[in-house]
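Here is a short report on a two-chain model.

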Amino acid sequence: MLFLLPALPLSGFLILFFFSGFLCRRLIAIIGVGSIFLSFLATMFLILNLGIPTESSALKEILWSFIPPMNIGFHFDTISCLMSIVVTLISSLVALYSVQFMEEDADIGRYFACIDLFVCAMLILVLADNLLLLFAGWEGVGLCSYLLIGFWYQKAGAREAATKAFITTRIGDVFLLLGMALIFFCFNTLEISVFLSMAPKFAVEHQSLITLAAILLLAGAVGKSAQIPLQVWLPDAMIGPTPVSALIHAATMVTAGVYLLARTFTLISLAPMAQELILFVGAFTMILGSLSALFQNDLKKVLAYSTMSQIGLMFMALGLGSPSSAMFHFTTHAFFKALLFLSAGVIGLSLHHQYDMRKMGGLVRVMPFTFIVFIIGSGALSALPFLTAGFFSKELILIEAYHNNLFHWGIGILGAFLTSLYTFRMVAMVFFGQQKHHISFRPSWVIKIPLVVLAFATIALGFFETSLLSFLGHIHKSSSKTLVLSAALATVIGMLCAFVIHNAFNNKFIAKGCGFDALYQAIIVRPYNAIAHLLKRDPLVRIYRALYSFILFMHVLLYRSQTGRLRHYLTVIIASAIAVMGLMVLS
Amino acid sequence: MILPLLIFLPLFGGLFCFFIRRDIFAWAYSLIIVLIEFLLLFFSYQKGISEFRTPWIEEWGLYFNLKLDGLAIVFIALSYLMAFIAIISSKEQFDRPGFYFGNMLFLISGVNGILLASDLLLFFIAWEAMILPLYFLVLFWGHGDKRPVAMQFFIFTQSSGLIMLAAIIGLYFLAYVQTGIFSFDKEILSHVILDEKLEITLCLGFLIAFLVKLPACPLHIWIANLFCSSPTGALLVGIMVKTGAYAIIRFIFDLFPNASVALAPIMISIGLFSVFYGSFLAYAQNDIRKILAYSTVSHMGLVLIALFCHHEGAHLGAIILILASGISTGSLLLLFSELKRFDINEIGGIFAVLPKMGAVTIFLVMASIGLPIFGNFVGEWFIIAGAFATNKVLALFIALALVTGAIYYLRLLKLLLFGKVKGTEGINELSKTRLFLYGGLISALLFMGLYPKPILSVLYMKDSSKEGTYD
């Protein structure tokens, strides 16, 4: 039964891959969306029948034997259950939305095939019971993001962005692969539950190996989750279709890293040094991401950087030792970020794929529906107090930070302030002020339904906080009114500031992601190209050329000595005879 | 009795093929022979490990000894698969078809000789005999400036083969001095006691010949030119390349156990150098076929590293990688031979014009990059896990090779598939037959990647010392 979850989107992919040339557009859309939605229904069916699986009642299903004793199998526990609901629900909503968004695209079959494969890979990643299968999903996600980011490959920069995304995440993947090799070396198995149960005992004697393993896993997660130092691909990836960005940011791809760390958290919690590192990476990315978001003029790029910073917040939660709050924030983030991207897509459709916020404004009057859903999403992103789910999930992490260290809490508050600042700067620039365009686009129900569902979920999730957290096994830490109020205050101040000074943020350096791109160009890309250019003609050929010339030279020498004149030969013979005799006499 | 048939059927079949005039007959004839060979291989596989011994020139201690075990079966199956594809895809061979297909059959015979021989002189004869048909294939049916290319290839392989011959004869006489019998038998020669320096010298003599075929830097020069000039049939180049790795597994480790350990650091360095040198060169090339050639250098460097890690898992990974990259690179070579232009500045944007060809390319390139679910990844994973157990820094370098590999392959995709549409005139979209062919090859890669157990059971068949499997 469990295999159906990835198998349904996979079959959708296979049908579309082989037969999309023979199907009409409507049927393609139905298969593309339907296969994902069926997978969502299957997940719900599974949960209704079995209840939410816990650590002890986790569902296991072995498909086939890979290389004995390694099996290809799935594992369905609390985290993977939560992930599969979120992934399938959001993906089916995004797919439904795409039906109108991609209406004018000729290649809709390829689009839905890739989306289906994307979801399939993500579900394999989520459900895998061993790291090797997880890695298969992991790389599958990378491949699909490559294909989808470069979907409009004729567009300037799309190919480069796709390649960049693939290679940057590949660097992370390679470290994950090394981490797997290390785990296999230590435990002689890759089955996640098995090595996690062996880890505490192992850590007593081999602390350094466990730390190394945790750091390698982190390095893998950093690539996919677009954290520093491998975050550079994410802003460029915005060149793909907007629903794809929604998918990448909310349900698949970037959340994979958070999932990996939450999944192997038992191992990571044994390595305090690695945990510190996760905390540092998360905090640094959060601040850098929200600063960069503040200086963007492209609507989608604001959202891209905000994802970076929100994932950074989740990493912080993991670093603080609370995977449950990270997963909770992941859930709320998935909904509101999908909501934001999809409503940004509506704005883009209305303005003929124009995403520059400086050219927007005053849209509140002409697009009231979009405004409402967008403001719900923005409220959740900036954690507007007491109303939104985002507030509850962020608050949890801040409490964790407070109990860890006051400094970390301060960074969290700063992040909250910046988040609210850039969010409402965005809202102010897009929806208020002077209207600059005439809008004729009217979203149809296929666009409205996903937006409404997502907006509803974004609000409703806040009310399910306690039950969700108890499923995740969250241990509540004491909180006080001052704590909550100060976080709320940071948000509100940020919001108010945004409306006053939203035009004040112009800085090329920060807007370009604080120079990471230029740095990597200088220290990696350019030297790499230079070496390749240097070696282009294969310098080793010269060895053989030299050998050839030497042989040719000897040949000419001997050839020249063959003069055919008797006196030359005689001279040589006599001279050498004398030389030989002379040598004999002398020695 | 099946084993000699594996060698002699294509040999005499190839001779007979010379006299066939009509292209379609020659084509069908050679196809049938390959299929019969497949069946023969299958029969002998069911019998388990088999041996064939008969004296040849007894005074010199020369025996016609053949041995078929799991490793040989897997390699022979791969060579048949490649030969099958090469023959199928050269149906439109109008120029001297009899001679063309005859040469292909000769090549199969030679490769089988290499893979089956357990007598060193027989092995050497097969090793040299295999070069000739390939030389002719390039010389008569090659593209471009083929004469010097064929010559270069011939000189490289022939001269390195000569060094190996010297080493074989040296070993032969040492065996005579120690045991009093003349023999080229591998079993006997592997029991010769050698002092360290002598063992290393002899081992190097063998290794040079094998490294040329592998090919490892700096002995790789011939392969780029050969890939550019070879006709479709020289898909078999891929097979020939694999014999180098096979010979290392078969002969070096058994004959020179101490020297192979002593030489391991050097060989691993050569492997590492090949991996990265190949990657950089592949990244810098504009000729599509040269990219493939240097990617082969890079992959084989990885294989060389894995072999000299002296770790059972890494060996297994090397074998799987050889098989998988043989199929993936071979298929790419075949696929790109349908393009009319090979300079990446002159051709591009295939995906928009020829989507089927584009999709096949994406699959094959992703397999070559080492995406899981394809066979290549299984090999690479075992190599990394094995290398990690021996040396952690080495594993890091191998892992980095996966990044550099992705870089040059993605450059190829970016320019050839997704670039501006140009130079695609006159290229036909893949026909149904071709699609089935590539579909079959991709399925083979998927099968190896998703369910490698059968291959392992073949590799480890009826060998009590290695009963069970590696985990």
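Arg358(A) pairs with Asp356(A) in a salt bridge, with 3.1 Å between the closest N and O atoms. The model is predicted. Arg358(A) is partly exposed, because its relative accessible area is 49%. Asp356(A) counts as buried, at 14% relative accessibility.

**Salt bridges**

Over all chains, the structure holds 17 salt bridges.

| Salt bridge | Closest N and O atoms |
|---|---|
| Arg358(A) and Asp356(A) | 3.1 Å |
| Arg53(B) and Asp185(B) | 3.6 Å |
| Asp287(B) and Arg289(B) | 3.1 Å |

Arg53(B) forms a salt bridge with Asp185(B). Arg53(B) sits in strand S1 (residues 50-57) of chain B, and Asp185(B) in the loop between helix H7 (146-179) and helix H8 (186-189), so the pair ties together parts that are 132 residues apart in sequence. Arg53(B) is exposed, at 52% relative accessibility. Asp185(B) is buried, with a relative accessible area of 6%. In the Asp287(B) and Arg289(B) pair, both residues are buried. Chain A also has a network of salt bridges, which links Lys60(A), Asp129(A) and Glu191(A).

**Where the chains meet**

How many salt bridges are there between chain B and chain A? The count is 0. The rule does find 11 residue pairs in polar contact across this interface. On the side of chain B that touches chain A, H19(B) gives the largest share, 14 residues. In total, the contact takes 59 residues from chain B and 47 residues from chain A. The two chains bury about 4,900 Å² between them, and 77% of that is on carbon and sulfur atoms.

**A nonpolar patch from both chains**

Phe3(A), Leu63(A), Trp64(A), Ile373(B), Phe447(B), Leu450(B) and Tyr451(B) form a nonpolar patch on the surface. Together they have about 560 Å² of accessible area. Strand S1 (59-67) of chain A and helix H20 (432-450) of chain B each supply at least two of the patch residues. Ile373(B) lies in the loop between helix H17 (355-369) and helix H18 (375-390) of chain B. Ile373(B) is partly exposed, at 34% relative accessibility.

**A buried threonine**

Thr458(A) belongs to helix H20 (residues 445-460) of chain A. Is Thr458(A) buried or exposed? Thr458(A) is buried, because its relative accessible area is 2%. Its side chain reaches the backbone oxygen of Leu454(A) at 2.6 Å. Leaving aside neighbours within four places in sequence, Thr458(A) is in contact with Phe335(A), Phe336(A), Leu339(A), Ile376(A), Ala380(A) and Ala389(A).

Terms used
Residues are numbered from 1 along each chain as its sequence is written. Chains are lettered from A and ligands numbered from 1 in the order in which they are written. This is a predicted model: local features need pLDDT of at least 70, side-chain atom pairs count only at pLDDT 80 or more; totals for chains, interfaces and linings use all residues. Side-chain values use heavy atoms; hydrogens and water are left out. Patches are made of residues with over 30% relative accessible area and no salt bridge: like charges are joined within 9 Å, nonpolar side chains (Val, Leu, Ile, Met, Phe, Trp, Tyr) within 5 Å. Accessible areas come from the Shrake-Rupley method with a 1.4 Å probe; for residues, only the protein chains shown count as cover. A salt bridge is a side-chain nitrogen of Lys or Arg within 4 Å of a carboxyl oxygen of Asp or Glu. Helices (H or I, at least four residues) and strands (E, at least two) are DSSP runs, numbered from the N terminus. Buried means under 20% relative accessible area, exposed over 50%, partly exposed in between (1.4 Å probe, protein chains only). A polar contact is a pair of N or O atoms within 3.5 Å; within protein, one must be able to donate a hydrogen and the other to accept it, and residues adjacent in sequence count only if both atoms are side-chain atoms. Contact means heavy atoms within 4.5 Å. Buried area is the accessible area (1.4 Å probe) that two parts lose on being put together, summed over both.
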